[in-house]
Structure formats: structure tokens, C-alpha cells
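Biologist: I would like to learn how to read aromatic pairs and backbone angles in a model. Please start with the terms.

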Amino acid sequence: FVILSGFVITNLLLQEQVGYGPYLVRRFFRLFPAFVVACVAGYAVMGLWSDVVQHAVYNQDGTRYAARVLEIAQQTRENTAVHAFWHATLLHGLIPDQWLPVSPMTFLPAAWSISLEWQFYLLAPLVLLGTRRPALGVALVLGCLVLQAAYQRGWLGTYAVNSHIAGMTGYFAIGIFSLGSVLCTLLLGRPWFDAPSIPEIVARVVHDDPPRVSSLRPGVPAA
């Protein structure tokens, strides 16, 4: 899901060619209406879902699941206004358990993925800009590495699910890279780096300088 999002969102950015403000407004209103309806429906059935889960018979893993469902239901009921505020910003996935327990999963347990997608919408234009400005690109890569290390060590708090973009930057990067690979293959009629096996291709990507497009397909314009 995360890799596919990196691929699709980067493709959208390349196609739309609009300013940052209009781009965010458009993306927000494509997500938000359906998200609100789903959250309202989730809130309406949360009590029933919790009751059904609590009365079922489970093994040890199921018992942990039932405890998590109960926690989600309690947070949804007891801190409705606070959770609703963060869900309205689509940034609920950034809130650690130490501040607001199970924030990414209240109202609608799968809602963490919407927050993660929105976080990438916010940052994707910078990533795309970094591909055109080497200094910014280096700074972004270093910043992502620092954030990912901080997330993995728990310095950003703990989360019920991987809903913070700092923990998913590597997967998004794979999606962005895969889009570039697909576009290059479509343009050239062959992969940019070619080799008999996947390990050899990876080794070429890591160690070889990228060939000039004009050397692989003469006549292709510079831009």
C-alpha cells in the first residue's frame, strides 16, 4: 500500500503541475468527504463492535486483539472531541500514544492509512523538488534518515500502528523510484539499468553512474 501510494502520488504531482495550495486543496477534498462518512459510520457501530468482540472466545492473540478493540472504543467515547479534532486535520496518525492513546485508530481503525497518505501529500512536492535541486535532495534524504532513526528508537513516541511518515519513508521512496523506473522504461523501451538478474541490477543502481538518456535513445530532447 505505501509503495503504491508513493508511485501514484508522485505520478499525480507530475501530471497536475499546479501550485502547492491548489494541489493540497484538491487532494484534501478528494479524501475528506468519504473519510468523514466512514468515521461517522465507525462511531455509530463502535459500541456494537466492541461488545461482539468482548463476548467472543479467543486464543492468546485474540485476547490481545479484544483488549485493543476495547481501548479503541473507550478512547472514541471518552475523548470524542479531541480525536475528532485531529481526525479533521487528517494528522491523527502523527499523535503518539503518550499524548492521545490509539489516536490513529479511533472512530475507524483503518483511518491511520488515510493520515499516512495525507502526510505524504504534504511532503511529496518537496521530494519532487529535491529531485531537481541536488542540495535540497541531499538535505531531504538526510532528514528522512534522521527521522526514521528517531522513530525506530521511540524518540518520537510509540504508536499503535505505523501511522507516522517517519517510519514509512523508505517504502515511499521505493514507490517514487519505481515510478521513475517505469517512466524511463516507457521512454527508452528498456530499463535504465539492465542486467541478467535482480541482484546485478541493484548493484548497478547503487554503484554505476546513470547513463545519459541521449546515449540510450538518440533524438530524445533534453527536457
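Modeller: Helices here are DSSP runs of H or I with at least four residues, numbered from the N terminus. The model is a predicted one. In helix α5, W118 and Y121 are three residues apart, so about one helical turn separates them.

Biologist: How is the ring pair of W118 and Y121 classed?

Modeller: Planes over 60 degrees apart count as edge-to-face. The planes of W118 and Y121 are at 75 degrees, with ring centres 6.2 Å apart, so this pair is edge-to-face.

Biologist: Are W118 and Y121 buried or exposed?

Modeller: Buried means under 20% relative accessible area. W118 has 7% and is therefore buried; Y121, at 6%, is buried too.

Biologist: How many aromatic pairs does the structure hold?

Modeller: Eight. Among them is F28 with W118, edge-to-face at 5.5 Å centre to centre and 70 degrees between the planes. F28 belongs to helix α2 (residues 20-54) and W118 to helix α5, so the pair ties together parts 90 residues apart in sequence. F28 is buried, as is W118.

Biologist: Which residues do ring pairs link into a cluster?

Modeller: The cluster consists of Y23, F28, F29, F32, W118 and Y121.

Biologist: And the backbone: where is L90, with its positive phi?

Modeller: L90 is in the loop between α4 (80-89) and α5 (112-130). Its phi is about 65 degrees, although L90 is not a glycine. At 0% relative accessibility, L90 is buried. V102, in the loop between α4 and α5, also has a positive phi, near 45 degrees, and is buried with a relative accessible area of 0%.

Technical notes: Residues are numbered from 1 along each chain as its sequence is written. This is a predicted model: local features need pLDDT of at least 70, side-chain atom pairs count only at pLDDT 80 or more; totals for chains, interfaces and linings use all residues. Side-chain values use heavy atoms; hydrogens and water are left out. Helices (H or I, at least four residues) and strands (E, at least two) are DSSP runs, numbered from the N terminus. Buried means under 20% relative accessible area, exposed over 50%, partly exposed in between (1.4 Å probe, protein chains only). Rings of Phe, Tyr and Trp (its six-membered ring) pair if their centres lie within 6.5 Å; planes under 30 degrees apart count as stacked, over 60 as edge-to-face and the rest as tilted.
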